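Open the model in your viewer and keep the sequence panel beside it. This tour moves from the whole chain to a few selected side chains.

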Amino acid sequence: EDSLARNTILHFSQSAYSNVVLLTGEDASLERFKDVVRDFETDSSIKAIDVVFYLHGHDAKIYGRPELCFYSTDKNCIPSASLPNEFRDFRKLRALYSDACFGSEQNQDLLSSGFKVVAGSTLEDDNLMLDLKRFLKSWTRGRDFQSSINYANSTRLGQWLDRKHGGNSEKIVSGAALLQIDSPIP
């Protein structure tokens with residue numbers, strides 16, 4: 001699944017973005033992510049930063065707080081509530097699509113981190129990457145964020161997989177839902 005997700009991200013985003021960076025394995029750490037964003041922040045040719053988190057996530061019921069699991073040698077996840085402090089100096093963050101389980105619980109923390117629009121899964125994300133492909137297809141063709149998420153949420157096979165596995169991959173949008181890929185940062 002990770003390999004398919006990487007290929008899907010590259011397929012749709014390389015023609016739509018001037019710079020695409022994939023962080024995988026040990027590179028998928030919070031520190032490495034912040035390094036890449038810092039580099040983009042100082043590049044005057046980059047006007048906005050859009051992000052896909054293809055990470056694991058935990059809900060507040062289990063750990064008392066929503067968490068995102070960046071790679072870490074200690075196998076600990078990062079509470080999403082700490083992200084506003086981690087990202088406080090970033091000004092170009094625009095859109096974030098999270099494929100992490102329980103990602104919608106992290107939406108407000110991600111908005112507080114500087115993203116203008118975010119979408120995350122309602123519960124466990126069990127539809128593989130079907131919605132990611134549909135989202136990127138729509139988003140990179142110029143549809144607004146909410147319409148792209150609606151299109152992604154409507155995959156029948158994804159809904160069937162959710163029912164089969166007891167999850168709910170439906171993404172919930174928070175923030176400036178009408179942003180498009182060519183919209184400036186509000």
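Start with contacts (heavy atoms within 4.5 Å). Among contacts in the chain between residues at least 6 apart in sequence, 66% join residues at least 24 apart. This is a predicted model, in which local features need pLDDT of at least 70, side-chain atom pairs count only at pLDDT 80 or more, and totals for chains, interfaces and linings use all residues. Residues are numbered from 1 along each chain as its sequence is written, and side-chain values use heavy atoms, with hydrogens and water left out.

**Whole chain.** Switch to a cartoon view: the chain has eight helices and seven strands. These are DSSP runs numbered from the N terminus, with at least four residues (H or I) for a helix and at least two (E) for a strand. The C-alpha trace spans about 45 × 40 × 30 Å along its principal axes. Of the 186 residues, 47% are buried. Buried means under 20% relative accessible area, exposed over 50%, and partly exposed in between, with a 1.4 Å probe and protein chains only.

**Select R38 and D35.** Both lie in helix α2, three residues apart, about one turn of the helix. The term means a side-chain nitrogen of Lys or Arg within 4 Å of a carboxyl oxygen of Asp or Glu. R38 counts as partly exposed, at 38% relative accessibility, and D35 does too, at 33%. A search of the whole structure finds seven salt bridges.

**Select K171.** Which side chains does K171 meet in salt bridges? One is D125, at 2.6 Å, N to O. D125 lies in the loop between β6 (117-121) and α6 (130-139) and K171 in strand β7 (residues 171-175), so the pair ties together parts 46 residues apart in sequence. Another is D131, with the closest N and O atoms 2.3 Å apart. D131 is in helix α6, 40 residues from K171. K171 is buried, with a relative accessible area of 2%, and D131 is buried at 0%.

**Select D162.** D162 sits in helix α8 (residues 156-165). D162 is buried yet has no salt bridge; K171, the nearest side chain of opposite charge, is 7.5 Å away. Not counting residues up to four places away in sequence, D162 touches several residues, including E124, D126 and N168.

**Select Y17.** End in the loop between α1 (2-13) and α2 (30-42), where Y17 is found. Beyond residues up to four places away in sequence, Y17 touches D50, R94, W139 and I181.

Notes: Lys and Arg count as positive and Asp and Glu as negative; His and the chain ends are not counted.
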